[in-house]
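Please open the model in your viewer and keep the selection panel at hand. The stops below follow one contact from its two sides down to a single pair of side chains.

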Amino acid sequence: MRYLLMLYADENAGAAIPPDQMAKAMEGMFAYQQALEKAGAFVSTSALGRTSDARTLRMSGGEIHNVDGAFVNQGGTLKVEEGPYAEAREQFGGLFVIECEDMDAAVKWAARCPAAQWGPIEIRPIVHTSSAKEA
Amino acid sequence: MSDTAQRAAERAARESYGRLLAFLAARTRDVAGAEDALAEAFASALASWPEQGVPANPDAWLLTVARRRQTDAYRRVGTSRAGEMHLTLMREELDDLAMTPEAIPDRRLALMFACAHPDIDPSLRSPLILQTILGLTAADIGAAFLIPAATMGQRLVRAKSRIAELGIAFEIPDTEDLPSRLDAVLEAIYAAYAKGWNDLVGEAGGQLAEEAIWLGRLVVALLPSSPEAKGMLALMLYSHARRAARRSPTGAYVPLDEQDTALWDMEAIEAAETILRAASSAGPTGRCQLEAAIQSAHVVRRLTGADNWPIVVKLYDILHAMTGSPVVLLNRAAALAETEGPTAALASIAPLADDKRMADYQPYWAVRGRLLAEIGNREAAHEALTLAMGLSTDPAIRNWLEARRADLLAG
């Protein structure tokens, strides 16, 4: 079973960390990834850019209708906003996809992630994945 | 609410919860029903004691109210089995009225055996004992085991239904089965202790370790003839005695051989020594006693400077012959490094390299990394220490391992 670990952190606090301390934190994250790999639990990881560089696309107004089996918004306008829609203390900043037996095991892995020390980690089962074919 | 009533209820909860629950559940085997009845009895106590005063015998009062609730519950169900149970409970209710607290039979040990029964999922035995004997909430237990409160609650409910469905008896096993069944009880208690020990930096962890020691004392009191129960209590006390020395004032991890022994709790150590001596003179030496004896040797070495590593290796030899456990082999290797050097120690754990369970077992990589560093194999040591770091939940341990890894590059 695959699980998505969504790592949240206060990105302003993160940006204020001196480079040497940040390098040490990254060493911890890299060790964590190696441990996942060794245990055959690693699938992928990504670090995300700051939310100030993000865009949120949102249909404003209108209503959702099912027209001949397709979902169509009628009367709304697509709008793009800067940043994520919701203001939150912690932002979604990175992810791991891991392979493990069950949710208990996924929580155990999440607890080992150094990021658990500074922000919440949301753990979600992945029910289906499609990926681009490897070249 | 008056403080007196509050205190009396809390005292009863702490000292009598498990005793009353075990007594109530023993006949019906309905742990969940007994818990509900007892919870209502405690609620009634808190409501009526401040007005009417604390009864002379709070336990008997609580038991009578709980028994009445239990009887009512069976009356409401109304099946023939429930009708039978109802009559039994009514008769017992009358008996209770004449009961003094000394006369309430202590069935907590039988309840613990039911909780650690072979048909109960091993991962739930420890949570079940913590809930039924100590009255800990699913939220508190879940926090210690990294399981959400609601999930832990559901699992405990299912485990209790299983006890009822399978008709697991609340009894002390026969002499023949006793050692193996007791092992399961001791293991469950030790699992609670280990949770507390590993998370000792947190407030909740420290409390859980103390609860486990309380349970250990209870088993020793209820089964005074068992050397293994004493061995386990001694084992927990040795570890607990060192709790203040495990972290520096800044929160850094301090390994056993660098701990300031002035911070050790000598009273706990002396208690452990006494209990271990009593265990050793009582009968055959089991696993817990051997592990406690190893802790005793560590204490003696640190306090007197005596080089007793050969004794420690010897004790691990016996323990390994008894259990065949990879964890024992690993701890033995750390001791063997002191007597025969890191090369022999590494060779002794070579069989573990193919053991899949070691892939995410943090102590394996920590010990391996240390030994590889000692023989000067920097590259392999670097990899092992990195894996140990990556598998650590405790940031203090992770930092310590990272410092050992940095030593590799500096040395």
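How many salt bridges are there between domain 1 of chain B and domain 2 of chain B? The count is two, where a salt bridge is a side-chain nitrogen of Lys or Arg within 4 Å of a carboxyl oxygen of Asp or Glu. This is a predicted model, in which local features need pLDDT of at least 70 and side-chain atom pairs count only at pLDDT 80 or more, while totals for chains, interfaces and linings use all residues. Residues are numbered from 1 along each chain as its sequence is written, chains are lettered from A and ligands numbered from 1 in the order in which they are written, and side-chain values use heavy atoms, with hydrogens and water left out.

Select residues 3-106 of chain B as domain 1 and 107-210 as domain 2, bounds that come from an automatic or database domain assignment. The contact (heavy atoms within 4.5 Å) takes 17 residues from domain 1 of chain B and 15 residues from domain 2 of chain B.

Now pick B:Arg29, B:Val31 and B:Asp106, which supply 36% of the area that domain 1 of chain B buries against domain 2 of chain B, more than any other three residues.

Finally, show the side chains of B:Glu35 and B:Lys160, which meet in a salt bridge at 2.6 Å, N to O.

Methods: Buried area = accessible area lost by both parts, 1.4 Å probe.
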